Amino acid sequence: MIFGSMIPKGKENTMNAIATDFGITPISGQTGPLERRACEENWDVLLSAFLDSQDIRQTSRETYYWGMVTYFRWMEVQGKVIKAMTPADVMSFKNYMVEQKLSPLTIASYLTAVRRFYAWTENSMLYPNIARSVRPPRGKKGFKKMHLTASEAGELLEYLKTRSARDYALVNLILRTGLRTIEVSRADIGDITVKKGRRVLKVWGKGLNEKDNIVILNDPVWIPIRDYLEGRVENSDDQPLFVTDGKGHRGCRMSARLIQHTCKEAMRAIGLEGHEYSPHSLRHTTAVTILRSGGDWKDVQRVLRHSSPTVSQIYTASIEDEVHLEKNPEGLLDTAF
């Protein structure tokens, strides 16, 4: 069921609000046997049953939800019905998302939802799998997102020092540890501890179900966090590390979306306004800074907690042009002939 067993306690109101935004009536109770006619007349029934069948994390469940809602809404606008959909229609949906300039990651995530949906309908003997051969669009090769130079990162931190202790501590933490915004959002005060004489932050990483990773909080990271926490009223271990300060929502956990907005607005404030600059640019900056400071891709993998070394090695390629220009090996040939 879409608004019952699939949602952890405390999440139901959020998902019900999402449903209301899309004009969907929240479904409660167990999903019974599906009837083809009911599915064709009410795609929310079909979506509910599909999500209820998926053994996935809550974040993935919400992504699938948004992806399928987008798909069904597009289908309605096109005047199509699910029983008559074809592989060509799924390709048209893919092209629609590209035309709408959705990010490659969003397109890939939504298409994954559609492929898994049709695999499920086929196994449930409802509809054939018309999405089996659909793949995400190929992006341009290369490192798309920009990292900040040392001077830009320094300017960003100096700006934030004058803005708020929270925002300075938050962005400084990301720049010096490479944490993802979702990882920062999940962090609690009690996750800061000492391990073998070093202060660390336990991290609930991407794709994991518990806080079993760590990042080291050296003094340049820890001191701004300490100063921020000293100015807060509630500092118990079960409190979020970073909380909201807006009227009506003061003291609530900062969401990943709010953290992204905070980072983006700060970068815009110092003139980094291009679409290539994103909150994830701060994580890229961590990796590139490690490499430029003498570290190697293994250090990048360790700090950024990449599961695959291939991802870490991408960062090495991202600074090859910079190193080439700085060292100017062609200059060695100037007096050779």
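A crossing of two helices is termed left-handed if the near helix is turned anticlockwise from the far one by less than a right angle, and right-handed if clockwise. The structure is a predicted model, in which local features need pLDDT of at least 70 and side-chain atom pairs count only at pLDDT 80 or more, whereas totals for chains, interfaces and linings use all residues. Residues are numbered from 1 along each chain as its sequence is written, and side-chain values use heavy atoms, with hydrogens and water left out.

The protein chain has 15 helices and three strands, taken as DSSP runs numbered from the N terminus (helices H or I, at least four residues; strands E, at least two). Of its 337 residues, 40% count as buried, that is, under 20% relative accessible area with a 1.4 Å probe and protein chains only.

Helix H5 (residues 87-99) and helix H6 (residues 104-123) have axes that come within 10 Å and cross at roughly 160°, the axes being lines fitted to C-alpha atoms over the stretch in contact and the angles running from 0 to 180 degrees between N-to-C directions. H5 is therefore roughly antiparallel to H6, a term applied to angles over 145 degrees, and H5 passes H6 in a right-handed crossing. In contact (heavy atoms within 4.5 Å), Val90, Phe93, Lys94, Met97 and Val98 of H5 meet Ile107, Tyr110, Leu111, Val114 and Tyr118 of H6.

In helix H11 (residues 256-269), the buried residues include Ala256, Ile259, Cys263 and Met267, and their cover includes helices H7 (150-161), H8 (165-177), H9 (181-186) and H12 (280-292). Just after H11, glycine 271 takes a positive phi of about 95°.

How values were computed. Angles under 35 degrees count as roughly parallel, over 145 as roughly antiparallel, 65 to 115 as roughly perpendicular and the rest as oblique. The expected span of a helix is 1.5 Å times one less than its number of residues. Buried means under 20% relative accessible area, exposed over 50%, partly exposed in between (1.4 Å probe, protein chains only).
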